Structure formats: structure tokens, C-alpha cells
Amino acid sequence: MALVGLRGLGDPDVWLPGDLALRRSLTALGSSDADAATRWRPWRSYAVAHLWAMSAPALFTRHPTPEVPS
């Protein structure tokens, strides 16, 4: 249900406790789930998006499309 609020309803304050990608990114930053959940309130949805991008950068990076010769 939290994912629906985050992506579908545009709620700016959704946290996904226990999400594997979030935990990996938080570990890389030296933070914990509980600490991040309180620190980023009321904008936790934006933090989730950034943490997801940290965990899988290839999914969130646009690569230039090669030009087709005319």
C-alpha cells in the first residue's frame, strides 16, 4: 500500500521500511532505516527515490541515443 501512495498518489511522505534497495543505500551512507525514517520526514518519498537511484543507477540514468545518419 505504501508503494501506491508513493508512486500512484504522489504522497511526499511515504517510507518503505525494510525495502532491500533502501537498506543497501542507507548502509552505504552509514545510516539506518530508523534514523532515515525520522530525519527525512515529511519528505521521505523523495529520499526513497534517491536511495533507489543509488542502489541501481543504471535504471535511473538516461543514456544518449546514437544518431542515425541521414
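This is a predicted model: local features need pLDDT of at least 70, side-chain atom pairs count only at pLDDT 80 or more; totals for chains, interfaces and linings use all residues.
Residues are numbered from 1 along each chain as its sequence is written, and side-chain values use heavy atoms, with hydrogens and water left out.

The protein chain holds 4 helices and 0 strands, where helices (H or I, at least four residues) and strands (E, at least two) are DSSP runs numbered from the N terminus. Along the sequence this gives the pattern α-α-α-α. Of the 70 residues of the chain, 24% count as buried, a word that stands for under 20% relative accessible area, with exposed meaning over 50% and partly exposed in between (1.4 Å probe, protein chains only). The chain exposes about 5300 Å², of which carbon and sulfur atoms supply 61%; accessible areas come from the Shrake-Rupley method with a 1.4 Å probe, and for residues only the protein chains shown count as cover. Among contacts (heavy atoms within 4.5 Å) between residues at least 6 apart in sequence, 58% join residues at least 24 apart.

In the loop between α2 (20–29) and α3 (33–39) lies S31, which counts as buried because its relative accessibility is 18%. Leaving aside residues up to four places away in sequence, S31 touches L26, A36 and R39. The side chains of S31 and R39 are also joined by a polar contact of 2.9 Å, that is, a pair of N or O atoms within 3.5 Å, where within protein one must be able to donate a hydrogen and the other to accept it, and where residues adjacent in sequence count only if both atoms are side-chain atoms.

Further along, P42 lies in the loop between α3 and α4, and the peptide bond from R41 to P42 is cis, with omega near 5°.

Helix α4 (residues 44–55) has 12 residues and reaches 16 Å from its first C-alpha to its last, close to the 16 Å expected, the expected span being 1.5 Å times one less than the number of residues. Its buried residues are R44, S45, A47, V48, L51 and W52. They cover an arc of only 155° around the axis, so they lie on the same side of α4; the arc is that of the directions from the helix axis to the C-beta atoms. An α-helix has 3.6 residues a turn, so residues three or four places apart point the same way. Within helix α4 is V48, which is buried with a relative accessible area of 0%. V48 and A36 are 12 residues apart in sequence and 9.9 Å apart in space, C-alpha to C-alpha.
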